[in-house]
Structures are given as C-alpha cells and as structure tokens.
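Thanks for passing this one along. Below are a few notes to read beside the model.

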Amino acid sequence: MNVRAEFLPYLIVMAGVTYLIRMIPLALIRKKIKNRFILSFLYYVPYAVLSAMVFPAVFFASGNIIAATVGVLVAVIVALFSKSLVLVAGCSCLSVFLTELILRFFS
Amino acid sequence: MIQNSFKRGLLDGVPIGLGYFSVAFAFGIMAIQCGLSPLEALLISMTNLTSAGQLAGVPIIAGGGSLIEMAATQLIINSRYALMSVSLSQKLESKTNLVQRLLVAFGNTDEIFAVSMANNKKIGKIYFYALMIAPWLGWSGGTIIGALAGAALPEIITSALGVAIYAMLVAVVVPKVKEDKWCAICVAISVLISCGFEFLPLLKDFASNYGGFVIIICATVASTILALIHPVETEEQANEC
C-alpha cells in the first residue's frame, strides 16, 4: 500500500482536468438559456451522447460478441416495459452469462 | 416542481453504484496489471470518478508519459462532460449557488447525469448530492477490491458484468425514445455516426487517432440536426429533458 512520489503529479493533472471540464460550464452558466435553438439542442444532447456511448461499444463489452448482442437486445426489450435500472441491468447481465454458458457448452 | 429529496436521490443512486462496482472492479485489476499500487488505483477512482478517462490515464502513468499528454488525453476523452454540464446547468434549480455548483460538478458522470435528466422535474442540490453517494462508494470500493482480489473471479462473471453499465444507459434512453419519436430519430442518427467511426475505413482511421472526440462529434451533429428540423415548442418542454 504505497504511493510513489512520481505518481502524484499525474493524479493531480488527471483529476484536475477532469474536474475543470465538469465544473466550468456549471459555474459559468447561471442564467436560464432563452434561445430556442440552444434549448432544443440541449434537449436532444443527453440521448445523443448516451446512445453514441452504448453503440457500437457494447458489442465489445463482454468477452464474446454474440453474448454481448444478446445482452443489449435483452436490455432494450426490458427497458421498453420497465424504467428500473436494476432490473434492466440485472436481466442483461444474466442473459450474457447464460449465453456464454451455452456457447461454451457447444464449443 | 423540484425534485430535492435526499432519500429519493440515495435510492436512485444505488443501481448506478452497483453497476460502477463491477466496472471499477475491472479497472482495479487493470491498474495492478499496469504496475500501480492498490492505493494509487483507489486514489485515482476517488478523485476522478470517470471510466474512460481513467482507463486511458493509467497506461500513461505506467509508460511514464508526459503530464501534457495526460492533460490532453483527459481533456479530449472527457470533453463530453462539458456538454452534459451545460445541460445540467439548465436542469438544476436556478437558485443553486456557486459553491453548491462546484460540489455538483464533481459528480456529473455519464450515469448520474442520465438519471438526473430522466426526472421530469427540475432537480435540487440535496437530491443531487444524495445521488452521488452510492456511485462514488461503488466506484471507489470496486476499484480497491478489484485491485486486491483481482484475478480471483472467473472470467465468465467479469465478462457478464462488463455489460452492466451499458444496460443502464440503455434503460435511460429507451423509455424516452418510446415516447418521443424525434428523440428516436436523434438517437438513430447519433448511433449511425458512432457506428461509422467504428466500421467505415476513413472515419475509423480518424477514430483510432482521435477516439476521444467521437462521442462529442456524434452528439453534436445529431442534436444540431434535430434542433434545426424539430425545435422544442416551449421552455417547459425543454425543461423536461
């Protein structure tokens, strides 16, 4: 359990840059934005960001592309009926686990 | 209406915390493999609270890279947070003061952001602070346990857990896509561009050099197109986002 002296500057730069990116917009934009284009843009941003993060990265997130595909399909189907994050994530993980078991059995 | 319940925030944070635990576990294992000590891995997770940035940062430390390289890598990979913080600035109750905003900023991760945006009310600082607790504990706890207990878990388990974080993001996006067809179009465009960066020859070259820019490009293009062809009707609708 040691921390090397040469590690600390990296830690400070890493954490500092990451924090500043998150902090500056929140600290500077104090007023309500009125511009309709910007409001519209911001309305769509969360879903555009999150979906681009999921696809196609999710297909490579498990050890096996078939299992990952099953996992994301299960997540989408469960999310159509439930807003519970735990349920969606749980079903998805379980389906990946089972698919990998089946694939191993046949390979 | 303002969502500012401590209890609600704490509960909403639990599934994120569980998801983070599994991903941080993998990060802990990877940090040890790169030659960091368990305490160093833990310090990174406690202060950064971000997956992609940490995964990119550890090899730079391991390889003895420059601090400029570290700063530039973090800036590019984490640039999407600036976009999310702009959105969050509009979602936060407007009387939130500067010091409170400085605290909120620390916890603006992809998933915490996603969950706070999924509320159809404005959100208050108390709710947001409470929302940060479980994810922070899960992320830090998962890192140290992964670093210490590392390779003990069978691969089939860690592999299944790797999908958890993506499933959580799916759970945030899908209900919105179901109720708003314009959001669905926006998501489709963003995903198409994102897949283009993975599979199309020229774009793929770009992504292998400037991977950190991919998400912000996809989101900016898709959101701009939709803001032009289908702007939100009223301020109320914009606040629902």
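1. Some housekeeping before we start. Residues count from 1 along each chain as its sequence is written, while chains are lettered from A and ligands numbered from 1 in the order in which they are written. This is a predicted model, in which local features need pLDDT of at least 70 and side-chain atom pairs count only at pLDDT 80 or more, though totals for chains, interfaces and linings use all residues.

2. On overall confidence, the model scores ipTM 0.85 and pTM 0.76. Chain B averages 86, and 95% of its residues score at least 70.

3. In chain A, the lowest mean belongs to α2(A), at 85, and the highest to α3(A), at 95.

4. Now to the fold of chain A, which has 4 helices and 0 strands, in the order α-α-α-α. Helices here are DSSP runs of H or I with at least four residues, strands are runs of E with at least two, and both are numbered from the N terminus. The radius of gyration of chain A, taken over C-alpha atoms, is 21 Å, well over the 13 Å that the globule rule (2.2 Å times the number of residues to the power 0.38) gives for 107 residues, so chain A is more spread out than a compact globule. Its C-alpha trace spans about 55 × 50 × 20 Å along the principal axes.

5. In total, 63 residues of chain A are in contact with 86 residues of chain B; contact requires C-beta atoms, placed from the backbone, within 7 Å. On the chain A side, α1 (7–28), α2 (36–54), α3 (65–81) and α4 (85–106) each give two or more residues. The largest share, 18 residues, comes from α2(A).

6. Finally, the domain assignment of chain B, automatic or from a database, gives domain 1 (2–172) and domain 2 (180–241). Their centres, taken over C-alpha atoms, are separated by 22 Å.

Technical notes:
Two residues are in contact if their C-beta atoms, placed from the backbone, lie within 7 Å. pLDDT is the predictor's confidence in each residue, from 0 to 100.
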